Amino acid sequence: MGAVVGTLTMQTKQRRPSTDKADDDLEMTMVCHRPEGLDQLEAQTNFSKRELQVLYRGFKNECPSGVVNEDTFKQIYSQFFPHGDASTYAHYLFNAFDSAHTGSIKFEDFVTALSILLRGSVQEKLQWTFNLYDINRDGYINKEEMTDIVRAIYDMMGKYTYPVLKTDAPKQHVDAFFQKMDKNRDGVVTLDEFILSCQEDENIMRSLQLFENVI
Amino acid sequence: MAAGVATWLPFARAAAVGWLPLAKKTMPKPPVDNSSRSDEILYVNVSGVRFQTWKNTLDRYPDTLLGSSEKEFFYNEDTQEYFFDRDPEMFRHILNFYRTGKLHYPRHECIQAFDEELAFYGIVPEIIGDCCMEEYRDRKKENQERLAEDTEANEATDAPLPPHSTSRERLWRAFENPHTSTMALVFYYVTGFFIAVSVIANVVETVPCRPPKGRVKDLPCGEKYQLAFFCMDTACVLIFTFEYLMRLFAAPSRCKFMRSVMSVIDVVAIMPYYIGLVMPENEDVSGAFVTLRVFRVFRIFKFSRHSQGLRILGYTLKSCASELGFLLFSLTMAIIIFATVMFYAEKGTKGSTFTSIPASFWYTIVTMTTLGYGDMVPNTIAGKIFGSICSLSGVLVIALPVPVIVSNFSRIYHQNQRADKMRAQQKVRLARIRMAKKGTTNAFLQYKEDRALGVRATHRGQVLTSETPNKTKDPDSDNTALCVKNRSAFEHQHHHLLHCLEKTTNHEFTDEMTYSELCMTESVGFRTSRSTSLSSQQGVQNNSTGCCPRRARRRAAMRLANSTVSVSRGSVQELDTLHIKTTSIASQNRSSLNAQASDLKLNCGEPDFTAAIISIPTPPANSPDESLPSSPAPIPGILRNTRARAFTHETVKISSL
């Protein structure tokens, strides 16, 4: 274990990825990011050393350069939903994972988000979800943002669904959501309203425990 | 699905937390993952070379030998490792495939040995990565052609005749392979001799002979000894005609024979003679007749039957036709350009031989090929300048870089072929991707069905305990348990994820056929409440053997999921044909294949189940017929539900008993 820690404790090297798309591929092969040491990550997240090792092995296998850019992210996520188009939702997810808005996800971001989603408290999970829905990060979820998210989710279903997907299904869904969440009927949902409403709903509370055993 | 993606499944599932506040329905329970979580290192000993790898790495491809339980057959208890008595060099590539997800073809290895190794380890060659795919395909094609040639050569020459061959077959064989019998050999040489005689006669009859007495001018020998030449010609043509008719009679496929090149040459060689016989000695048409005589020279091509080299030359020319065409085209361009320039340069001069552009073509060709006959020469200064440019460029265009052009054309030719190959391979690749996508879709639909079945089985089990002895109850619940277990943990989790998405949006995944039917019925506007009565009806009528109720339940479940009643179909009878693929590219659990022998009654559990329900207008079939199990209750206007798949691998029909 000491040897493993020793090999993993290395300095982080990071170069800002260029904005030019043509150079992006070349840049990806040169950019090499190494995460902080195993001990530090273990302290920062709720995962054990073993779990972090398994996670990192999988991460490094797919992204040898140590970072995931948005296109790769979309590609990976789309493979789980072959029926429909997962790219829009993947875009929102990417923004949620990339908390520092650097344009790429490092292993630390990845593991931090996973730690919240899988091992975090109910409060933390709901806050993460709120951040996901709040596309422009202004602290409020308005109807447009919610409609975008819901439409992205419905896009993942694809065309062939039962019952047949109607064009106003997302809108109805959003209306139902706002009906439930927006307590003071001011047209936006704040973090407190969101957390309060979710805590009142037993289904949501129960399903939040669903994914605990994923790792 | 790509191997590495399996490692991102936990992330995808975690991201599903984002759907939870939006979900309209409760989420389904996650699958229980009983497998040991801790990853262990496996030792694989291949002929003494020890490889080590994580168990997870091998589990990425559950449809191969190393990824399935088949490797347990090779487990050595004493040394706690998996021992394979195969080539360790090749195994390196196989293992790299698991590690990186890409299969590479080592260029120094024999293609057949590589194929055999792949077949042993259960890896389909189609997944060779793009970098090595072309090389692999080329080598494989080369090998196959060589083998085909060898077998053809072996068969063709010295194979003894089948015992009861007709005289016709023997005759054909004698014609094709003269070495088989002495008679054939004699005939072969006789025809060869006569071809030579005929060609020489054609040549000699134009040579001027000494004129007979009373004439001054030299006469061509053909006219002096007209009778002799005529007799010789007749004899040759008779032999050729006889040979052609014999070949036509002996040919196994007359149409094909008549269309072949050699037979066309034969016909062209002998037709002028007959036409000449038929045509009267008319001055007007004799001109045309003379032209026909030219075709007699084609008899020389009959030699190609006797000479292998000539045939190869013809084949080479044919295969290089495109390059030669391009060369000709570029030459034509240059000729036209220079001819035009020369014509206009020489237009003004008096008595110029450059009367028109086509007339200048001759000058350009003669100059560019550095022949320089001198029958046409430019007189103006501009003409001379351009003429010299023409001859210099002729040297450059034709004489010097001929080898370079040849090699360039060879390269361009191969590049074009590669482009065509790429296009063809692209089609194959797209088809593969589509199939894999469909595979995942169908796997998920299958998963949903099995869940529904599982629920129903338990219900049914409870219902039946009171009525019938336990025989039909236990195997079914065991069967469902086995069905469920036969899928990998990854698939379970992935299907759970898709199920969560369904619950979030309150819509279900279906396949293309059902969707189009749904659209159809929405326009027809039929009520769907009938289906519920059907399912209960199905639940009661389970009087056949252990598997039929399963199938009936499946059908009922499918009817529930896709409750449409097609009005237009009248009373047709459904026929179920269950296909189970024996090989597939999409993930398929091999352990279920191994268990097939004992679980023959199951005929389920394969994620890539195809149920193609074919409706044909026949009266209800009898159930004893194994491959055509009838539906328990023939219902007019039966619900149509297809989930056909385009896989073309071999299908195995499982008996219903």
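Let me start with one residue: Thr241(B) is buried, with a relative accessible area of 14%. Buried here means under 20% relative accessible area, exposed means over 50%, and partly exposed is in between, with a 1.4 Å probe and protein chains only. Thr241(B) sits in helix H9 of chain B, residues 226-250. Helices are DSSP runs of H or I with at least four residues, strands are runs of E with at least two, and both are numbered from the N terminus.

Before we go on, a word on what you are looking at. This is a predicted model, in which local features need pLDDT of at least 70 and side-chain atom pairs count only at pLDDT 80 or more, while totals for chains, interfaces and linings use all residues. Residues are numbered from 1 along each chain as its sequence is written, chains are lettered from A and ligands numbered from 1 in the order in which they are written, and side-chain values use heavy atoms, with hydrogens and water left out.

Back to our threonine. Which residues does Thr241(B) touch, leaving aside those up to four places away in sequence? They are Ile270(B) and Tyr274(B), where a contact means heavy atoms within 4.5 Å. With Tyr274(B) there is also a side-chain polar contact of 2.8 Å. A polar contact is a pair of N or O atoms within 3.5 Å; within protein, one must be able to donate a hydrogen and the other to accept it, and residues adjacent in sequence count only if both atoms are side-chain atoms.

Now stay in helix H9 of chain B and look at Glu243(B), which is in that helix too. Side chains of opposite charge can pair when their charged atoms come close. Glu243(B) makes a salt bridge with Lys302(B), and their closest N and O atoms are 3.7 Å apart. The rule for a salt bridge is a side-chain nitrogen of Lys or Arg within 4 Å of a carboxyl oxygen of Asp or Glu. Lys302(B) lies in the loop between H12 and H13 of chain B, so this pair ties together parts that are 59 residues apart in sequence.

Lys302(B) has another partner: Asp266(B), with closest N and O atoms 2.6 Å apart. That pair links distant parts of the chain as well, since Asp266(B) is in helix H11 of chain B (residues 261-278), 36 residues from Lys302(B).

Val297(B) is partly exposed, at 47% relative accessibility. Val297(B) belongs to a nonpolar surface patch of about 500 Å², along with Val294(B), Phe295(B), Phe298(B), Ile300(B) and Phe301(B). Patches are made of residues with over 30% relative accessible area and no salt bridge: like charges are joined within 9 Å, and nonpolar side chains (Val, Leu, Ile, Met, Phe, Trp, Tyr) within 5 Å.

Let's step back to the whole chains. Chain B has 657 residues, 39% of them buried, with 23 helices and 10 strands. Chain A has 215 residues, 47% of them buried, with 12 helices and 5 strands.

How much area is buried between chain A and chain B? About 5,200 Å², with carbon and sulfur atoms giving 71% of it. Buried area is the accessible area (1.4 Å probe) that two parts lose on being put together, summed over both. On the chain A side, Phe80(A), Tyr160(A) and Tyr162(A) lose the most area to chain B, together 16% of what that side buries. The contact takes 56 residues from chain A and 57 from chain B. Across this interface the rule finds 0 salt bridges, but 7 residue pairs in polar contact, both at pLDDT 80 or more. Helix H9 of chain A (residues 143-157) gives the largest share of the side that touches chain B, 7 residues.

One last stop, in chain A. Phe177(A) is in helix H10 (residues 169-181) and is buried, at 4% relative accessibility. Phe177(A) touches residues of both chains, including Met146(A), Pro21(B) and Leu22(B). Helix H10 of chain A also holds Asp175(A), which pairs with Lys143(A) in helix H9, 32 residues apart.

Notes
Accessible areas come from the Shrake-Rupley method with a 1.4 Å probe; for residues, only the protein chains shown count as cover.
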